[in-house]
Every structure is written in C-alpha cells, then in structure tokens.
Amino acid sequence: MGSFSRSMPSNSRPRCWSNPFEAPCGPRVIKKMSDEETENVVETIVRRNVPGTRTKDLFAWPDQALEDIDSSLASQQFIQQFVRQNPADVVAMVTVPEGSDDKVWQYEHLRQFCLELNDLAVVLEPECTATSCPQMKATDEWLYLCAAHKSPKECSAISYIYHTLDGATSFLNNEKLFPNRNSIPETSVTKMPSIARRIYRIFAHAYYHHTALFTEFEARRHLCKRFHAFSAAFEMVTEAMLVVPAKALG
C-alpha cells in the first residue's frame, strides 16, 4: 500500500496559540493607539491584581458606581468594593441599590458571607479542634447537628463549620438552582433562608466558645453585624435564632 501524504494549502498558516503570553504567529501589524484607546487599556489593567502585587497595593484602583461596572458580576464586585471601602456601614451595604434586583442582591450577599466565613474558620482553627470542641454548640443550650451526612448527626465544631461552608458553596453554585448571576428564580430564593440559618451558627459558636478570636475578627470585619443587618432586611433568620447579642457587635 502506498504512503498517504497530505499537503498544506498554500494559503494556510500554522495554528496560532490562544495563550496571550505566547509569541503570535503570522505577520505582525503594529497600530498606534489613540489617547482614548490608551486610557481604556490602562483602566482595564489597573482593575486587576496582577501576580506579584504587594499587599499594600492590592485593589489600588478608583471605586465605581454600580451602574458603571460593565460586568455580569457587577453586584458581587460592588459589594466587595463596599467591603473594602467601609465594612462598618452594614446597613448601607445590605440595602438594595436603586434599580437592582433584590433577589440577585440577596444571593450575592450570601456568596460573600461564605467567602468571608472561610477567613473566620481559618482564625478559629488553632483553638477550635476536635478535642477542644467535639460538638457544634453555642452555649449549652444550642447543639447543632450536621446536615452533611445522610442523616443529620453530631460533628466536631470545626468539621461542622467546613461541612456547612462546603454545602452552602455547593448550593449557591448549583446551575440548576441558579442558572445565571443576573436573575434568580423565585423557587431558589425560598431555599436561601435555610442556608443563612446554617452559616449563622458559625458566628454563634465562635462568639460563645472562642470569644477573644471572634471579637478581634469582628472588630476588623464587622461580618456578624452585617449578617444581622442582612437578616433583618430580608427576613432570613428569626430574632430568636440570632443568639449573638447586639452589644457584642459594636
């Protein structure tokens, strides 16, 4: 059998790399950009934390109004901007901006709580161990069972915390429940209070069993205070279940 050869058409060119850091193939066309185009490029670049950025230089770009953020993640970016700018102004932070979808706003805040509660979990880890906290409790009155198992059962507090955050993250990333970030189905909104109740228990345990760590974290982040304001605004958790006293939140 003769060999089979395939010739490349004379007008074809080798496949280009999709990686922007690879050298481009084919002829290069150098175009001088206008001042306006240059400003736009600079604006895009400075809104990214590039690898190697020093901590003091992170997020070193001008704040934007929500309506000026051209992104499908505009609500998330605006909330995170508010967190960096003034974390203590919790009522303003949870208030739905004019013209925004309140369902999307609730959803994005729940995502943000999960992100920041991971930071609290890391703070608790050295002190909150399976030995020191074999049960997930808030005082001796509240014992929480972990829903991460086939049947709810007791877990050490630190396991409960991570199981809960993993479960909440999985729920909020479920594409069947939340097909996109710009419109939240009403049926999915009705499930969000259950997630809110579970993640709040992390605050409760931290306050009653690791008071010093909780107080130091809360003084910097105002996260539990924000959750109380969020819950009041959207009726997420009943007053009876908000067991961290207001006086502990400043």
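Where is Thr139 placed? I located Thr139 in the loop between β1 (137-138) and β2 (142-143); helices (H or I, at least four residues) and strands (E, at least two) are DSSP runs, numbered from the N terminus.

I note that this is a predicted model, in which local features need pLDDT of at least 70 and side-chain atom pairs count only at pLDDT 80 or more, while totals for chains, interfaces and linings use all residues. Residues are numbered from 1 along each chain as its sequence is written, and side-chain values use heavy atoms, with hydrogens and water left out.

**Backbone entry.** I looked up phi for Thr139 and found a positive value of about 60°, although Thr139 is not a glycine. Most residues other than glycine have a negative phi. Thr139 is partly exposed because its relative accessibility is 25% (buried is under 20% relative accessible area, exposed over 50%, partly exposed in between; 1.4 Å probe, protein chains only). I then turned to Glu235, a residue other than glycine with a positive phi near 55°. Glu235 lies in the segment after α9 (223-234) and, at 72% relative accessibility, counts as exposed.

**Helix entry, α2 with α4.** I found α2 (residues 74-85) and α4 (residues 102-124) packed at an angle of about 50°, with axes 9 Å apart. Axes are lines fitted to C-alpha atoms, for helices over the stretch in contact, and angles run from 0 to 180 degrees between N-to-C directions. The angle makes α2 oblique to α4 (under 35 degrees is roughly parallel, over 145 roughly antiparallel, 65 to 115 roughly perpendicular, the rest oblique). The contact (heavy atoms within 4.5 Å) includes Phe78 and Ile79 of α2 and Trp105 and His109 of α4. I recorded six nonpolar, five polar and two charged residues there (Ala, Val, Leu, Ile, Met, Phe, Trp, Tyr, Cys and Pro are nonpolar, Asp, Glu, Lys and Arg charged, the others, Gly among them, polar).

**Helix entry, α4 with α9.** I found α4 and α9 packed at about 160°, with axes 11 Å apart. The two are therefore roughly antiparallel. Among the residues that meet are Trp105 and Phe113 in α4 and Phe227 and Phe230 in α9. The contact divides into eight nonpolar, three polar and two charged residues.
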